[in-house]
Amino acid sequence: MSDIMEKNKLHVGLLFGGNSSEHDVSKRSAHNIYDAMDKTHYDVSLFLLTRDGFVLSDAASRRVFNGEDEGTVAAEEQAKVDASNPLAPIWNLSQAKDIDVFFPIIHGNLGEDGTIQGLFRLLKKPYVGSGVLASATAFDKDWTKQVLTANGIRNTKYVVVTPANRDHYDYATVQAKLGTDVFIKPANQGSSIGIHMATNQQEYIDGMADAFRYDYKVLVEETIAGPEEVEISILGNEQPQASKLGAIRVPKQDVFYDYNNKFVDASGVTFEVPVKLDDQLTQEITDMGLKTYAALGLTGMARIDYLVSKDGVPYVGEVNTLPGFTNISLYPQLWEASGISYADLIDRLIDLAIAEFNRQDKLAYDFIPLSDNSAASTYQPKQK
């Protein structure tokens with residue numbers, strides 16, 4: 001397949017929505033990205049992935065973009081497609097011709113777990129963000145921590161609880177391993193969905209019950225004394241660059257940065273962008289971020305979250321391969337503070353997507369065809 005040919009405009013397919021708890025957050029991100037894109041450089045087709053996994057056409061997606069009820073529009077669109085067709089959920093992608101690059105901004109499930117990336121590979125199209133394996137690994141908190149630990153990158157102690165071993169991890173056992181106060185997290189979720197802090201047995205029981213609603217693998221992590229939440233943005237492929245650092249301050253009564261104070265009522269949350277930290281600590285966090293990015297094999301972009309203990313020790317928390325682009329999202333804010341405007345950031349991400357596609361396209365996938373008289377075609381099983 002040849003390189004992307006130069007044209008007056010690039011045709012970008014912007015995908016958003018999804019069936020995760022971050023569906024509406026993704027729609028906000030998509031609005032901001034669309035508004036920031038220079039329409040003299042890009043033609044943009046919109047594709048909303050509904051909560052039940054159906055891709056709406058560009059025309060229908062624009063109706064929702066402009067304020068129409070998503071459920072009503074989706075019902076009308078689904079009625080037009082032959083449900084017996086196995087490609088019915090993604091059929092509307094065929095309406096957009098000659099897409100040069102896809103820009104997925106589907107947070108969480110289907111978007112960050114490698115699923116949509118696999119579809120783009122089958123379509124043989126460039127796409128913004130990391131590849132299938134890197135996305136899936138970074139989305140799974142357990143696998144992320146295993147990669148971090150194997151590469152000597154500091155992260156919090158934890159245990160993994162599943163339905164198979166759940167009876168062995170009661171509160172007393174976890175307390176002995178990790179301390180009295182612990183965080184409970186579904187391994188494959190985002191934006192603090194299903195996350196709870198437990199300081200006693202009842203809170204632990206309730207938190208585990210809720211976490212298992214969202215995943216069959218749950219992490220229980222130690223808490224860090226008096227942590228400061230710090231974030232860094234990474235941009236690039238083989239030679240990524242790191243932004244300045246930012247900090248999140250949440251009201252003390254909220255305990256941690258949860259879904260409510262992220263998206264529902266952020267009035268009590270403040271951001272320090274960029275944040276002033278000790279030079280040595282700043283450098284350590286930056287180095288950890290770049291090392292994490294490389295260890296996970298990420299490309300395009302990522303936002304990496306840290307917990308910094310009260311004695312100044314940083315721990316990598318989570319890695320977000322398709323970070324938010326809402327009005328309060330730190331990924332674009334940190335680049336703005338680092339000298340890259342919102343519009344320029346979009347341009348760079350699209351350029352990186354095409355560059356990575358062209359790099360991967362140079363790999364050989366030779367195979368040896370088997371002739372009609374080969375061993376494979378003449379093999380007969382032994383008769384008993």
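Biologist: How many bridges join strand β8 to strand β9?

Modeller: This is a predicted model, in which local features need pLDDT of at least 70 and side-chain atom pairs count only at pLDDT 80 or more, while totals for chains, interfaces and linings use all residues. Residues are numbered from 1 along each chain as its sequence is written, and side-chain values use heavy atoms, leaving out hydrogens and water. Strands (E, at least two residues) and helices (H or I, at least four) are DSSP runs numbered from the N terminus, and two strands pair if DSSP finds at least two bridges between them. Strand β8 (residues 228-236) and strand β9 (residues 241-249) run antiparallel, and the number of bridges joining them is six.

Biologist: Which residue of β9 stands opposite Glu-229?

Modeller: Strands β8 and β9 run antiparallel. Opposite Glu-229, the residue in β9 is Ile-248.

Biologist: In what order do the five strands of the open sheet lie?

Modeller: Strands of a sheet pair through backbone hydrogen bonds, either parallel or antiparallel. Here the pairing is antiparallel, and the order of the five strands is β10-β9-β8-β11-β12.

Biologist: Which strands stand at the edges of the sheet?

Modeller: The twist from one strand to the next averages 30°. A strand with a single partner has one side left without a neighbour in the sheet, so the edges belong to β10 (270-272) and β12.

Biologist: What angle does the direction of helix α11 make with that of β8?

Modeller: Helix α11 (residues 330-337) packs on the sheet, touching β8, β9, β10 and β11 (300-308). Contact means heavy atoms within 4.5 Å. Axes are lines fitted to C-alpha atoms, for helices over the stretch in contact, and angles run from 0 to 180 degrees between N-to-C directions. The direction of α11 makes with that of β8 an angle of about 75°.

Biologist: How are α11 and α12 arranged relative to each other?

Modeller: Tyr-331, Pro-332, Trp-335 and Glu-336 of α11 make the contact with Tyr-342, Leu-345 and Leu-349 of α12. The axes of these helices lie 9 Å apart, at an angle of about 110°. Angles under 35 degrees count as roughly parallel, over 145 as roughly antiparallel, 65 to 115 as roughly perpendicular and the rest as oblique. The arrangement of α11 and α12 is therefore roughly perpendicular.

Biologist: How far apart are the axes of α5 and α6?

Modeller: The contact joins Thr-137, Ala-138 and Phe-139 of α5 to Lys-141, Trp-143, Thr-144 and Val-147 of α6. With an angle of about 100°, these helices are therefore roughly perpendicular to each other. The distance between their axes is 5 Å.
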